[in-house]
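Hi,

Here is the structure I said I would pass on. Have a look at it first, and my notes follow below.

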Amino acid sequence: MPKKFQSLSGMHDVFGYQFDYFERVREVVLKNAKIYGFHGFEMPIAENKEVFTRGVGKHTDIVEKEMYSFKTKGGDDISLRPEGTAPIMRAYIEHGLYTRPQPVKFFYFAPFFRYERPQAGRYRQFWQFGFESIGKGGPVVDAQIIVLVYNILKELGVCDVVVEINNMGDDVCRGEFKKVLKKYLKKNSSFLCEDCKKRKDKNPLRVLDCKKCVKIKEEAPQIVDYLCDSCEEDFKSVLEFLEELKIPYDLNPFLVRGLDYYMGTVYEFFARRKDEESPSFALGGGGRYDGLAELLGDEVRPATGVAMGVERVVELMRENKVILESEKPQVFIAQLGELAKKKALVLFEELKKSGISVSESFGQDSLKSQISRADKMGAFLTIIIGKEEAVEDRMILRDMDSGEQEKIKTSGAVKEIKERIKKSKKK
Ligand code: ATP
Ligand code: MG
């Protein structure tokens with residue numbers, strides 16, 4: 001027997017409802033990107049490894065554990081992209097985009113690669129959409145990116161989203177905070193997990209992000225108490241803008257994000273699940289990264305952005321039983337018998353031609369299950385052609401809301417159906 005193959009561990013096929021939801025997310029992202037003035041960006045799947053070791057940071061989970069890196073035949077060290085911000089900043093510098101009117105605003109919708117332990121909601125190839133605004137910044141830009149993502153989630157039917165927000169300080173105040181934090185971690189190192197014991201000196205902030213080290217946070221120093229005047233001012237403004245925009249947020253003094261390039265305002269979008277038992281999870285996050293351009297060999301450039309996990313957004317759409325508009329046919333054709341099938345097939349083509357969205361399940365023979373399918377799909381009208389109707393050259397129109405049925409003649413049926421749809425839209 002020849003070997004049967006499976007997709008690689010952590011890499012999944014996208015099809016069926018997931019594909020339809022993916023398309024919907026892409027469509028809403030594209031539409032909103034246009035409204036808010038973000039231009040599309042396609043980055044290469046691989047980059048020089050250093051774009052990430054320098055950009056994302058040597059002591060981050062991504063670079064330490066999760067990158068797909070290898071040497072090419074020509075001897076170059078390259079990595080599959082684990083995220084999109086560092087490549088876009090590489091491009092900004094490479095193409096001298098600082099000479100254009102600032103800020104330069106890009107969005108992407110693309111797959112990324114991280115060699116993680118596969119588990120629910122965590123893949124080795126996953127998709128993100130993201131927005132980046134580079135070259136000129138300020139709290140208003142952060143707030144606008146947050147409201148943009150919030151609007152996208154709302155439009156996709158993902159409600160009950162909360163923004164957790166913090167300010168990580170800048171080069172001035174973060175240095176002081178790191179010193180205090182290091183001291184605290186040293187004193188309390190018995191509470192740290194094995195990973196954090198190792199990283200507490202090189203990347204003490206990362207300990208605050210650790211899901212295992214909960215106890216240590218209870219009395220840990222908080223960055224908000226160490227912010228310099230300009231960071232504090234900046235943070236206050238972002239919060240005021242969010243209040244003005246009525247975006248629900250929670251202050252989270254321990255939110256630090258896993259990537260080195262963040263400074264100043266950082267945030268994550270959390271979904272509160274309907275089912276109390278299921279934990280809330282992060283859909284994505286972002287923040288300011290003014291220092292990234294310098295890490296990649298340029299100078300400090302004000303910049304801010306966000307990245308959202310598409311699989312997680314799609315999972316919530318499914319949980320919230322979001323019905324896709326395009327899935328909802330105006331008309332469903334149910335049939336029974338050979339002659340009815342023939343007539344139904346022709347009617348399907350006629351309705352399509354006249355611009356009516358129509359659906360069917362011609363492979364099924366039970367009228368009951370066809371009508372229940374029409375109901376599930378959210379059809380407005382179901383056309384029933386049974387054995388008797390087929391012979392009589394008639395059909396039954398069933399209003400799916402009221403359940404009322406009426407028999408009409410096949411000739412002139414398309415016109416009649418069109419009129420009914422038009423009337424229902426006016427209601
Ligand atoms: P975590 O702490 O959960 O590992 P992260 O800090 O690595 O998250 P980001 O790099 O900020 O995550 O990515 C933004 C979003 O992208 C995440 O909130 C998540 O929705 C999605 N994401 C990240 N890694 C994966 C993955 N391996 N599989 C699926 N989605 C992912
Ligand atoms: Mg991660």
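Which residues make a nonpolar surface patch of about 250 Å²? The answer is Val140, Phe241 and Leu245. A patch here takes residues with over 30% relative accessible area and no salt bridge, joining nonpolar side chains (Val, Leu, Ile, Met, Phe, Trp, Tyr) within 5 Å and like charges within 9 Å. Areas come from the Shrake-Rupley method with a 1.4 Å probe, and for residues only the protein chains shown count as cover. Leu245 sits in the loop between helix 9 (229-244) and strand 8 (249-251), and it counts as partly exposed because its relative accessibility is 40% (buried is under 20%, exposed over 50%, partly exposed in between, with a 1.4 Å probe and protein chains only).

Before you go further, some housekeeping. This is a predicted model, where local features need pLDDT of at least 70 and side-chain atom pairs count only at pLDDT 80 or more, while totals for chains, interfaces and linings use all residues. Residues are numbered from 1 along each chain as its sequence is written, chains are lettered from A and ligands numbered from 1 in the order written, and side-chain values use heavy atoms, leaving out hydrogens and water.

Now the overall picture. The chain has 15 helices and 16 strands (DSSP runs numbered from the N terminus: H or I of at least four residues for helices, E of at least two for strands). Its C-alpha trace spans about 85 × 60 × 50 Å along the principal axes. Of the 427 residues, 51% count as buried. The chain exposes about 22600 Å², with carbon and sulfur atoms supplying 51% of that.

On to the inside. The largest nonpolar core has 101 residues, and Met89, Phe131, Phe269 and Leu283 have the most contacts within it. (A core is a set of buried Ala, Val, Leu, Ile, Met, Phe, Trp, Tyr and Cys residues joined through side-chain atoms within 4.5 Å.) Helix 5 (residues 139-155) gives the most to this core, with 9 residues. A second, separate core of 21 residues includes Ile333, Ala344, Phe348 and Met395.

Then the charges. There are 31 salt bridges, each a side-chain nitrogen of Lys or Arg within 4 Å of a carboxyl oxygen of Asp or Glu. Arg206 pairs with Asp61, with the closest N and O atoms 2.4 Å apart. Arg206 lies in helix 8 (residues 204-208) and Asp61 in helix 3 (residues 61-66), so this bridge ties together parts 145 residues apart in sequence. Both ends are buried, Arg206 at 10% relative accessible area and Asp61 at 15%. Arg122 and Glu116 form another bridge, at 2.9 Å from N to O; here Arg122 is partly exposed at 24%, whereas Glu116 is buried at 12%. Glu388 also bridges to Lys407, at 3.4 Å, linking helix 14 (residues 387-392) to strand 16 (residues 405-409). Lys407 is partly exposed, at 34%. Shared partners join Asp61, Lys65, Asp195, Arg199, Arg206 and Asp209 into one network.

Finally, the cysteines. A search of the whole structure turns up 0 disulfides (pairs of cysteine sulfurs within 2.5 Å). For Cys210, the nearest cysteine sulfur belongs to Cys196, 3.7 Å away. Cys210 is buried, at 7% relative accessibility. The sulfur of Cys228 is 3.6 Å from that of Cys173, too far for a bond.

Cheers
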